[in-house]
Amino acid sequence: TYGVERIEYLRGPASVLYGSSIPGGVVNSITKRPTPDARGEVRVRGGDLDRLGLAADVSGPLNEAGTVLYRLVALDEKYDLPTPRTDKEERYFAPALTFRLSPDTEATLLANYQQDLINGDAYPYSYWEPWGRYVPALEKGWDRYHRDQWSTGLLLDHRFSENLSVHS
């Protein structure tokens with residue numbers, strides 16, 4: 001969620017107009033976009049469950065005219081899960097560039113990469129079966145979940161008049 005700027009929810013039957021969805025609604029998460037003013041944050045986390053993490057979110061103009069804007073969101077975090085001998089690593093990297101082609105036209109290039117690694121997430125305990133057989137705990141990392149996900153996109157916005165605009 002560190003890379004999400006806002007979440008939109010469209011409820012009711014009208015939500016089926018946006019593809020294959022249930023009539024209950026559609027959830028749309030909007031990632032962070034470049035901003036015209038310079039801003040940034042760096043977050044360092046540490047604490048319970050051996051948590052150690054670093055995150056950054058920086059944005060602003062790349063030229064004096066403000067026609068090229070950037071944003072870079074990055075996160076690297078590792079921590080133990082509540083189940084003994086299990087841990088999780090998360091990595092997220094999302095650069096974005098906005099080009100203001102004219103006062104009425106903008107193009108935004110978006111990209112992101114996310115990696116999630118979970119090691120040893122089920123039955124890590126030693127236990128006795130009901131018929132008396134002892135089952136020793138399995139080694140850390142016996143059950144793994146690994147996800148690498150990336151995406152790219154292009155947003156185009158053009159305003160034809162005060163009352164008519166196109167967003168793609």
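A residue is called buried when its relative accessible area is under 20%, exposed when it is over 50%, and partly exposed in between, with a 1.4 Å probe and the protein chains only. By that rule, 29% of the 168 residues of the protein count as buried. What you see is a predicted model, in which local features need pLDDT of at least 70 and side-chain atom pairs count only at pLDDT 80 or more, while totals for chains, interfaces and linings use all residues. Residues are numbered from 1 along each chain as its sequence is written, and side-chain values use heavy atoms, with hydrogens and water left out.

**The whole chain**

Begin with a cartoon view, coloured by secondary structure, where the protein shows zero helices and 11 strands; these terms stand for DSSP runs numbered from the N terminus, with helices (H or I) of at least four residues and strands (E) of at least two. If contact means heavy atoms within 4.5 Å, then among contacts between residues at least 6 apart in sequence, 48% join residues at least 24 apart.

**Strand β1**

Select residues 4-11, which make up strand β1, and find Ile7 within that strand. Ile7 counts as exposed because its relative accessible area is 62%. From the C-alpha atom of Leu10 to that of Gly25, 15 residues apart along the chain, the separation is 5.3 Å.

**Glu89 in strand β6**

Now select Glu89, which is found in strand β6. Is Glu89 buried or exposed? Glu89 is buried, since its relative accessible area is 16%. Show the side chains of Glu89 and Arg91, which are joined by a polar contact of 3.0 Å; such a contact is a pair of N or O atoms within 3.5 Å, where within protein one must be able to donate a hydrogen and the other to accept it, and residues adjacent in sequence count only if both atoms are side-chain atoms. Beyond residues up to four places away in sequence, Glu89 touches Glu77, Lys78, Gln115, Asp116 and Leu117.

**The two pockets**

On a 1 Å grid over the protein atoms alone, a pocket is an open set of points where a 1.4 Å probe fits, with protein on both sides within 12 Å along at least five of seven lines, and lining residues have an atom within 4 Å of a point. The largest pocket holds about 370 Å³ of space, and of the 17 residues that line this pocket, the closest to its centre are Thr1, Tyr2, Gly3, Tyr92 and Gln114. Strand β6 gives the largest share of that lining, four residues.

Finish at the second largest pocket, with a volume of about 280 Å³. Of the 20 residues that line the second largest pocket, select Ile30, Thr31, Arg33, Leu110 and Leu155, which are the closest to its centre. At least two lining residues each come from β2, β6, β7 and β10 (144-159).

Conventions: Grid points are joined across faces, edges and corners, and a volume is the space filled by probe spheres set on the points.
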